[in-house]
Amino acid sequence: MAMQFRKPKRNLRVRDSDGFQDNENEEKMDVDTVLKMPKPLKEKTIKKVNTLSFGDELNECDDGEEFKVKKSSYSKKIKKQMNKEKMGRDKVENSKKSKAIADTMKPVVDEKPKNFNSEPVEKEIMLTGRAAEMAGYVSSDEEPDSYSSSSHRFSNPDQVKIILKKGQIPDAALIHAARKRRQQARDLGEDFIPISSQSHNESKVDNEQITGRRLTREEDELEDSDDDGIIVMSGIVSQAEDRKKSLHTTMADHTNNTEFEDPDELDEDNDWETQQIRKGVTVSQLAAAQQESSGMNTLYNNMVIQEQAMIPIVMNQKPRFSDSYAPQAPMTTMNLDDIINKSKEIVSEMKKNQNPDQKYFEDMINEIPEIKSRTEKLKMNVPELADCFQFYQDLRGYVTDLVECLDEKIPLLVGLEQRISKMYEKRRTDLIARRRQDVRDQAEESSTNKLGIPTTHTRSEEQQRRAAEREGRRIRRMRMREIKAISKHADGMSSDEEVPETDASAFRNQLEIIKSDSNLLLDDVLEEFASVDLVLKHMLEWKNKYLESYIEAYVNVCLPKLVGPFVRIEMLTWNPLEDDLKLEDMFWYKSMQKYTMKGNNNVDQLIKDVDLELIPKIIEKVVLIKIDQMITSQWDPLSSKQTKHICSIVKHILDMYPTIDPDSKLLMMLMTNIVDRIRDSVDYDVFIPISSRQVMNTGRMNVFFQRQFNMAVKLLGNILTWHRIIEDVVLIDLAINQILNRYLLTSIRTLQPLEAILKITMIARMLPSSWLSYGNTTPKELTPFLNQSKLVSMEIDKSHPQAKLALDKLNEILRL
């Protein structure tokens, strides 16, 4: 039987008994005599550890017990049943042992030694732990007179029931006294609790002197304290095994567990539970719960009766087969043939279940040769795979180095592009500002007063200088036309783009510096990274050797971005506004053309080539951006030469590369910038003076009028050059509405019929032929112009030969 001893609590404060201080020396001698210790033990001062915040305020008269709040336990009743069952099993042994110890120790306790040098008792008892510490201690509440009928008001056990029936909560003293009485009954082996505890005072005092009040508080400590302070000393059976065995026994004898129950305790627990339930549950809830419980009990009883009725039927049926193939349905009488057939079916079913495994095994056996042959092939391919791996590693290193090189060179390239763009923009801005200033100066010089008489103006030195330079440029342009044998020329149709020689020289020097910087841009780079031809050589090798991986890597998508910087370097100084160099004559274009055509012997192979759109993508992502920069920084819409060049190259790109469609964002951005530049020129460069015919016939005003009229006609022609490139709606608004109808027709109405016929003929030659077909393609905005042409043709004098010739030319163009 396992014995349990408790460790002494460090924070336990022993309550002083009534005669403890008076008879201290005498009690020490009694303890020495009882324990028979060769040397007197030194009392160890127990260090008091206050577990309460108010522990220091406790007085010495307190009973030394700490108030503890009981923690809720989920399996409280099961633990109580286990403890009571264990105590019931050990009841006989505890009673025998307690009686034996009482009989052995009673003479020693009752007989006080008169002589301190008396001989020790022959039979010695060794006490350890708390029993040794409390061996000679007798508390005041455990003295014999403490259990007299007049000493304690809770000596009657019916007091607990009386208090509970009144609905009151018993205090700690009442609960402690009841538990002490129950523990006393268990220790003495009694099956009842006596009404008066006076007859047991002697035995209780003896027992408490031996056990040191351990058993009287055992139940409290079992429920309140945890297992940290318990030392288990077991023989053969461990405490865990003992608990497990007790739990099984308790669950088996659950219906008969009232053998060790105390009736008074059950009544007290029931009363306590009833009082607590009444506090937390209303009457309606309690009635509903009782009704539901009675219904569940009735249902459970019916189920038990049905199960008991089915037991004889099930017991009388005997299974025909003891194995898993026993039939589920009721069996009829079977003869020998049926048994044989059934056995065959069972065997066939077992074979059928075995067939998949056998088939899987056979398939694995059949796959062994194929796997071996595949292994051999892979071994044979090891050198080829090694070369492939080495190629990919080298290609990966090359591409990585190329990208790092371009990342360092692109910022320098962008700087060069910005420098050359600023140069051209500055020159264009200066030329436009000079032209507009000349128009203002000429308008001021040719102005008249209210009577139409020309006024004289005093020119400033700045105006005189500008006028001299203007006339000098006109004379030089006239001489150039004479050299080129250009006889027919209208004043104002030429572009005044001449710049001073000093400015032109400085511009050429800056341009040469930029060219030299662009040549040195890749001078510090290895040769295989410095040319677009060598870059495409590595890509072509990849394409020829491993086409599948080439396609999976989307090289055709990444290649335009990879070779784009080389194209930009070559096109850095390309100026299509002045040069006639075509894209097809450039080095990068020829290299990419070779790359695309390599290995494609016919048209079908070329169509299936993944790099078929390489050149169109380069043109869209590089060339269109370059042209857009020229439009915004260099192009002057009044320059017929620049307009002709830029319009021809854009038209060539759209015709030769149909993949660049209106859905392209870069193309739409280019068209938008072109329209903006034209609109700006229409708003600020068109100016035609209008006055009476008398004034218009004067020399200075007539010259200025003719020059400005011809300049407006030239701008009209430059705008209509973008026909079939820019939408007709935009062109009609810019050319017809804002120039022809607003400026030119108004000026024509102030002219003589012969001169008007000549001006109308000049304008008609600028218009697209599709607009003059008098069909659905003729814009309605041309109606005023056509009506004015008919009116002038009716007013002209047809007898004059020059007028008749002009009218014939007009009829040929307009088909009047």
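## Aromatic pairs, nonpolar cores and loop residues

Tyr398 and Phe529 are both buried. In this predicted model, their rings form a stacked aromatic pair, with 4.9 Å from centre to centre and 15° between the planes. The pair joins distant parts of the chain, since Tyr398 belongs to helix α13 (residues 382–445) and Phe529 to the loop between α15 (501–519) and α16 (532–545), 131 residues apart.

A second pair has another geometry. The ring centres of Phe705 and Phe709 lie 5.9 Å apart and their planes meet at 35°, so this pair is tilted. Phe705 and Phe709 are 4 residues apart in helix α25, which means that about one helical turn separates them. Phe705 has a relative accessibility of 1% and therefore counts as buried; Phe709, at 0%, is buried as well. The count of aromatic pairs comes to 11. One aromatic cluster is formed by Phe391, Tyr392, Trp542, Tyr546 and Tyr550.

Charged side chains also meet aromatic rings. Arg427 lies over the face of Phe507, 4.6 Å from the ring centre, and Lys543 lies over the face of Tyr595, at 5.4 Å from the ring centre.

In soluble globular proteins, nonpolar side chains tend to be buried together. Here the largest nonpolar core has 106 residues, and Trp588 and Trp722 are those with the most contacts inside it. Apart from this core lies another, of 8 residues, including Ile420, Met423, Phe507 and Leu572. Phe507, a member of that 8-residue core, is also the residue whose ring face lies under Arg427. Beyond its neighbours within four places in sequence, Trp722 is in contact with Trp635, Thr643, Ile646, Cys647, Val650, Ile674, Ile678 and Leu731.

Most residues other than glycine have a negative phi. Tyr554, although not a glycine, has a positive phi of about 55°. Tyr554 is found in the loop between α17 (547–552) and α18 (555–570), and its relative accessibility of 55% is over the 50% cut-off, so it counts as exposed. Arg724 likewise is not a glycine and has a positive phi, of about 75°. Its place is in the loop between α25 (699–720) and α26 (728–748), and a relative accessible area of 70% makes Arg724 exposed.

Arg749 lies in the loop between α26 and α27 (753–766). With a relative accessible area of 46%, Arg749 is partly exposed. Not counting residues up to four places away in sequence, Arg749 touches Arg693 and Gln788. Arg749 and Gln788 are 39 residues apart in sequence, with their C-alpha atoms 8.3 Å apart in space.

Methods. Residues numbered from 1 in each chain as written. Predicted model: local features only at pLDDT ≥ 70, side-chain atom pairs only at ≥ 80, totals over all residues. Heavy atoms only, no water. Helix = DSSP H or I, 4+ residues; strand = E, 2+ residues; numbered from the N terminus. Buried < 20%, exposed > 50% of the residue type's maximum accessible area, 1.4 Å probe, protein only. Contact = heavy atoms within 4.5 Å. Core = buried A, V, L, I, M, F, W, Y, C linked by side-chain atoms within 4.5 Å. Phe/Tyr/Trp six-rings, centres within 6.5 Å; stacked < 30°, edge-to-face > 60°. Lys NZ or Arg CZ within 6 Å of the ring centre and 35° of its normal.
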